[in-house]
Amino acid sequence: MALPSPAIEEAKGPCREAEQEQPQPEPVPVPPPEPRPDPQPEPQPLPDPAPLPELQLEAEPVHGSEPTPTVETRGTARGFQPPEGGFGWMVVFAATWCNGSIFGIQNSFGILYSMLLQEERDKNREVEVQAAWVGALSMGMIFFCSPIVSIFTDRLGCRITATAGAAIAFIGLHSSSFTSSLSLRYFTYGILFGCGCSFAFQPSLVILGHYFQRRLGLANGVVSAGSSIFSICFPLLIRTLGAKIKLAQTFQVLSTFMFILTLLSLTYRPLLPSSQDTPSKRGVHTLCQRFLAQLRKYFNMRVFRQRTYRIWAFGIAAAALGYFVPYVHLMKYVEEEFLEIKQTWVLLVCIGATSGLGRLVSGRVSDSIPGLKKIYLQVISFLLLGLMSMMIPLCRGFGGLIVVCLFLGLCDGFFITIMAPIAFELVGPMQASQAIGYLLGMMALPMIAGPPIAGLLRKCFGDYHVAFYFAGVPPIIGAVILFFVPLMHQRMFKKEQRDSSKDKMLGPEPDPNGELLPGSPTPEEAI
């Protein structure tokens, strides 16, 4: 009731009576309370509800891109928790079948190589070099396609990539049985089967991260141990098939493993949803800009800016030149040097058994070695691998060859298992995925060229002695190169501590590579 009276008095402002009354209320500077309600909270609630929903809508997309940072934090992102078992053990079985069947066939190519030579000798007396290209192409394509497989896995998911790869491997291996032409088998076995194996193999390792986090080491150990059992059994299986049926029918039997793998790959159901490409909401980009952005994400060459990574990758690629030679030529060498020995497949069984043991042991050993000192395990592995390859021609008894093959398998297990942890140490988890992909791609050409060069040396000198001496040299050279990587890395790190500020040490804005769980892409994701 006090508020309307001053309003009425102001309306009667022309009256002098009101003017005279106004000085009386001078002690009434009650208007000061009026300016307080002037910035009344009443008009504020009107604009408040409008911006509030806008702020929420803008925060949601930004907030949605943050919960997918790294594999380590994915358990808390979006409330996702891997089941740590359950259907995941079926996925582990499928991954074990994948690793075991693919590398069981690849590592047993020495027996297939002898069968190829027997089949081709009727047409051509000197086919050692040509026949070696078949297995070398197949193994090399597994590594050569690795960077491309990473892209397909991230864009299409693990299930589609692995199923398509297993189907291609089945077609390539099965079609190899319908031709006796060596040149056609370059394509069917070497390229088709090799590419299919690459596309089926890599998703089998990625999908384990969807089902296991705390037990991921156990799952990988089960896969490694199970695949080693395949590597032990396949030489005996292929030798038995070769004695009873021809090479063509052997290819048909082996292709059934790829057909079963095609069905098992359907179990790679990703637990994190994959999304389709959507246009950016933060700005309008031309098609060319988006295309270049995708190329930068998928073919990010930033890892090669690391000098230590370049040296490490070059050292491993150099060592790979002699890595696959014993797998291809050892069986034929034993047949020529030890005529009384019929069970030559035992050597491949020894390699497969100790390779599985090495993979299990090396994981625990590398966990106890800090930083880049893990590379010294690879140095020792390559040194022993080179020395054992050179000792093959020096063995005068079959028992000595067995001991050599046991060490070869052990070195193989150590070398393969430590690659990923070293990549994480060199380039960090953000770019480790691409670092491994590029490394495997660099290993492809030396691995393809090694066995044919060894076959050419056998053709020139009449025996395999020089070929195995040659196979031992590249791993030793690779070991010498790798020896200096930790020293150089430590020296560069100390220099950065002295000369670089914090801003320089942080470097450019981190690349999102490796942030997301592979196989479950999002629109802004890179490999």
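**Salt bridges, a helix and a surface patch**

The structure holds 3 salt bridges, and the model in which they are found is a predicted one. In one of them the side chains of E335 and R239 meet at 3.7 Å, N to O, a pair that links distant parts of the chain, since E335 belongs to helix α15 (residues 325–337) and R239 to helix α11 (residues 216–244), 96 residues apart. E335 also meets K332 in a salt bridge at 3.9 Å, N to O, and here both residues lie in helix α15, 3 residues apart, or about one turn of the helix.

The side chains of R458 and E336 form a salt bridge at 2.7 Å, N to O; because R458 lies in helix α19 (residues 432–461) and E336 in helix α15, the pair ties together parts that are 122 residues apart in sequence. R458 counts as buried at 16% relative accessibility, while E336 is partly exposed at 27%.

Helix α8 (residues 158–175) has 18 residues and reaches 26 Å from its first C-alpha to its last. Its buried residues, among them C158, G165 and L173, pack against α4, α7, α9 and α12.

On the surface, I380, L384, L387, V403 and F407 form a nonpolar patch with about 400 Å² of accessible area together. Helices α17 (375–391) and α18 (398–427) each supply at least two of its residues, with α17 giving the most, 3 residues. F407 is found in α18 and counts as partly exposed because its relative accessibility is 37%.

Technical notes
Residues are numbered from 1 along each chain as its sequence is written. This is a predicted model: local features need pLDDT of at least 70, side-chain atom pairs count only at pLDDT 80 or more; totals for chains, interfaces and linings use all residues. Side-chain values use heavy atoms; hydrogens and water are left out. Patches are made of residues with over 30% relative accessible area and no salt bridge: like charges are joined within 9 Å, nonpolar side chains (Val, Leu, Ile, Met, Phe, Trp, Tyr) within 5 Å. Accessible areas come from the Shrake-Rupley method with a 1.4 Å probe; for residues, only the protein chains shown count as cover. A salt bridge is a side-chain nitrogen of Lys or Arg within 4 Å of a carboxyl oxygen of Asp or Glu. Helices (H or I, at least four residues) and strands (E, at least two) are DSSP runs, numbered from the N terminus. Buried means under 20% relative accessible area, exposed over 50%, partly exposed in between (1.4 Å probe, protein chains only). The expected span of a helix is 1.5 Å times one less than its number of residues. Contact means heavy atoms within 4.5 Å.
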